Amino acid sequence: MEILKTKGIAKHFDGVHAVDSLSIGFEKGKITGLIGPNGSGKSTLINLLTGVIKIDGGLVVVGNNEEIKRLLPHEIADYGITRTFQDVHLFEQMRVLDNVLVVLTKRNVFASLFETHKKFHLARAEEVLIKVGLWEKRNELAKNLSYGQRKLLEIGRVLAMQNGFGDDSDIFFFDEPFAGLFPEMRKIVISVIQDLKQKGKTVILVEHNMDIIRELCDHLIVLDSGKLLAEGLPQHVLSQKSVLEAYLGE
Amino acid sequence: MLAMSLNLVVGFTGLLSITQAAFYGIGAYVTAILLTSFGINFFLALIAGIIITGIISLAIGYVLSKFNGDYFALGSFGFNIIVYSIFLNWQSLTRGPLGIPGIAKPTLFGLDFSENNYFLILVIICAILVYFLSEFITKSSFGRVLKAIREDEKAIQVFGYNTLFFKLTIFVIGAMISSVAGAFYASYITYVDPTSFALSESIFILAVIILGGLANNKGAMIGAVCLVILPEILRFVGFPSDIAAQMRQVTYGLILVLLMLYRPQGLMGEYKL
């Protein structure tokens, strides 16, 4: 069953079609790899599906066939969608712990002013920070973390994330989460993604390392110039001549 | 009070607002007009000032929410000038440059605050209440979201926060607190005119919180104390009387430049601009 799909979704910048009438779907409970050469539209697609940029045409279908023409960034949490960014976006002058606690806050202005259940928030933040190996750094400012730690904190933040009804998120977009990580940190991220799959969550992974794609992904989508070039099982897709030519330059 | 109110907007939320003197002025004028023309109790006038300032700031905040960064600062700058021009030119209401004299001191249940000492106690009580209100806001989960907006609005939005509501709420709360300060100012001086609420006053309040420390409520109070006491200290330096006022401005400017160079977070600040 497809938990998220696009129907002819499009985005253009000054006449350049970054995403060109793209219709694809993401299977519930699976890890889907999203690959393609630089400028193929991977990050633009994620930005469209998370409301960060406006959709120029087409539809997004979430869950039970709810068709959406316009997604706003603050609405995606209610659909159970969360994401990391290609260029890490942390709350730099806040503590590591607060970077996680903030996404657990009630989203209504007045409810957040008089919020209770803070012990639950702390327990949850502790759980995810231990998972990504940053609990010892909880009182450091985010800006003082190393590049790899920053990536891990961003991943920890999406793990803590819940939808508007207090349930864990269902759809996780990871935009190049392994870039610039040491082997030990890679192991942590691999374990996080595998855990999510075990819990029945849907993961969409943008990644350039084909070994990781082969190891983790159940399904692979290849984009080129904003269009679908190929999709299917990773081992099949990665052996297709068109993919090798467009993406790997072979 | 003024510094703490601006610190909520600039220090905690990262909205570089240069319009706080306008809200301070609205509070002062509403109090002045209600006390001199209608003779109502100071505290009722104060509440009316808070409500009117809240409504006006909601409208201004909504318009300003369309801007970000430097454009927000420029827009807020423009609003201060508009409000100042209204004080100056709506003569049937504000008496324009003549100002409004004869503003009464507060009285409450037979207590008369005309004596300066009692007035001081009243203002200190209000300042303490504003401090605890600011602490409550900034230590709450709401306050944490404000800081996240300051750090990266795009990122906090994708976690489900409609940042417009959070920014508008704190902007209006900040304006309402400023209006309280304006009401006390009007009653203390017993006279208001537009020159007290010009752009330079907004810049002065900004200087106060940058000196004391952004995103720190105690820092805002310390900044206010430093910059209010500083002119008195400068009297002892012995500048010639014809340049003393200008030298005061030069000193403020110099302090700000030195702070930006060597301690951009201010004396007690937790956030660098």
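Guide: Happy to. One definition comes before anything else: two residues are in contact if their C-beta atoms, placed from the backbone, lie within 7 Å. Please also keep in mind that this is a predicted model.

The helix to look at is α5 of chain A, which covers residues 147-160. Its 14 residues reach 20 Å from the first C-alpha to the last, close to the 20 Å expected at 1.5 Å a residue. How many of its residues are buried? Twelve of the 14 are, so α5(A) is largely enclosed by the rest of the structure. A residue counts as buried here if 20 or more other C-beta atoms lie within 10 Å of its own. The buried residues include Leu152(A), Leu153(A), Ile155(A), Val158(A) and Leu159(A), and Gln149(A), Arg150(A), Lys151(A), Glu154(A) and Arg157(A) are also among them. Gly156(A) and Ala160(A) belong to the buried set as well.

What do these residues pack against? Their partners in chain A are the strands β7 (81-83) and β8 (171-175), together with the helices α2 (96-101), α4 (118-131) and α6 (183-198).

Glu176(A) has a positive phi of about 50 degrees, although it is not a glycine. Glu176(A) is partly exposed, with 18 other C-beta atoms within 10 Å.

Now step back to the chain around the helix. Chain A has nine helices and eleven strands. Its radius of gyration is 18 Å, close to the 18 Å that the globule rule gives for 250 residues, so chain A is as compact as a globular protein of that length. Along the principal axes, its C-alpha atoms fill a box of roughly 55 × 40 × 35 Å. Buried residues make up 46% of the 250 residues in chain A. Of the contacts in chain A between residues at least 6 apart in sequence, 66% join residues at least 24 apart.

Chain A also has a neighbour: 26 of its residues are in contact with 21 residues of chain B. On the chain B side, α7 (141-151), α8 (153-157) and α9 (163-189) each supply at least two residues. The most comes from α7(B), with seven residues. By class, this side of chain B divides into ten nonpolar, six polar and five charged residues.

Chain B itself comes to twelve helices and four strands. Among the residues making the contact are Val208(B), Ile209(B) and Leu211(B) of α10(B), and Met221(B), Ile222(B) and Leu227(B) of α11(B). The contact has ten nonpolar, three polar and no charged residues.

Chain B has a positive phi to show you too, at Arg95(B), where the value is about 65 degrees although the residue is not a glycine. Arg95(B) sits in the loop between α5 (91-94) and β1 (100-101) of chain B, and counts as partly exposed, with 19 C-beta neighbours inside 10 Å.

Note on methods. Residues are numbered from 1 along each chain as its sequence is written. Chains are lettered from A and ligands numbered from 1 in the order in which they are written. This is a predicted model: local features need pLDDT of at least 70, side-chain atom pairs count only at pLDDT 80 or more; totals for chains, interfaces and linings use all residues. Ala, Val, Leu, Ile, Met, Phe, Trp, Tyr, Cys and Pro count as nonpolar, Asp, Glu, Lys and Arg as charged, and the others, Gly among them, as polar. The radius of gyration is taken over C-alpha atoms; the globule rule is 2.2 Å times the number of residues to the power 0.38. The expected span of a helix is 1.5 Å times one less than its number of residues.
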